[in-house]
Amino acid sequence: MVHETERDGATWYACDGCGMLFDVREDAESHEADCDGEEPSYIQ
Ligand SMILES: [Zn+2]
């Protein structure tokens with residue numbers, strides 16, 4: 001699921017599966033729905 005986190009005074013939305021941060025909740029939820037819980041292979 002997606003959880004909110006604050007960084008540098010701004011609210012971010014983090015994927016609990018892989019920890020990726022999004023500035024838009026919808027983007028985070030869209031990602032989370034397709035997240036396999038591991039870090040994306042394209043991010044090294
Ligand atoms: Zn994820």
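What pattern does the protein follow, read along the sequence? The answer is β-β-β-α, and the secondary structure comes to 1 helix and 3 strands. Helices (H or I, at least four residues) and strands (E, at least two) are DSSP runs here, numbered from the N terminus.

A word on ground rules: this is a predicted model, in which local features need pLDDT of at least 70 and side-chain atom pairs count only at pLDDT 80 or more, while totals for chains, interfaces and linings use all residues. Residue numbers start from 1 along each chain as its sequence is written.

**The sheet**
- The 3 strands make an open sheet, ordered β1-β2-β3, with antiparallel pairing; two strands pair if DSSP finds at least two bridges between them.
- β1 (2-7) and β3 (21-22) are the edge strands, each with a single partner strand, so one side of each has no neighbour in the sheet.
- Helix α1 (residues 25-33) packs on this sheet and touches β1, β2 and β3. Its direction makes about 10° with that of β2. Axes are lines fitted to C-alpha atoms, for helices over the stretch in contact, and angles run from 0 to 180 degrees between N-to-C directions.

**β1 with β2**
- β1 and β2 (residues 10-15) run antiparallel and are joined by 6 bridges.
- Looking at individual pairs, Thr5 sits opposite Trp12 in β2, and Arg7 has Ala10 in β2 as its bridge partner.
- The hairpin of these strands leaves 2 residues between them, and Asp8 there takes a positive phi near 55°. That is a positive value in a residue other than glycine.
- Asp8, in the loop between β1 and β2, counts as exposed because it has 5 C-beta neighbours inside 10 Å.

**β2 with β3**
- This antiparallel pairing of β2 and β3 runs over 2 bridges.
- Ala14 faces Leu21 in β3 across the pairing.
- With 5 residues between the strands, the hairpin of β2 and β3 has Gly19 at a positive phi near 85°.

**Asp27 on the helix**
- Asp27 belongs to helix α1.
- Asp27 and Tyr13 are 14 residues apart in sequence, and their C-alpha atoms are 8.6 Å apart in space.

**Burial and contacts overall**
- Of the 44 residues in the protein, 11% are buried. A residue is buried if 20 or more other C-beta atoms lie within 10 Å of its own, exposed if 12 or fewer, and partly exposed in between, with C-beta atoms placed from the backbone.
- Take the contacts between residues at least 6 apart in sequence: 11% of them join residues at least 24 apart. Two residues are in contact if their C-beta atoms, placed from the backbone, lie within 7 Å.
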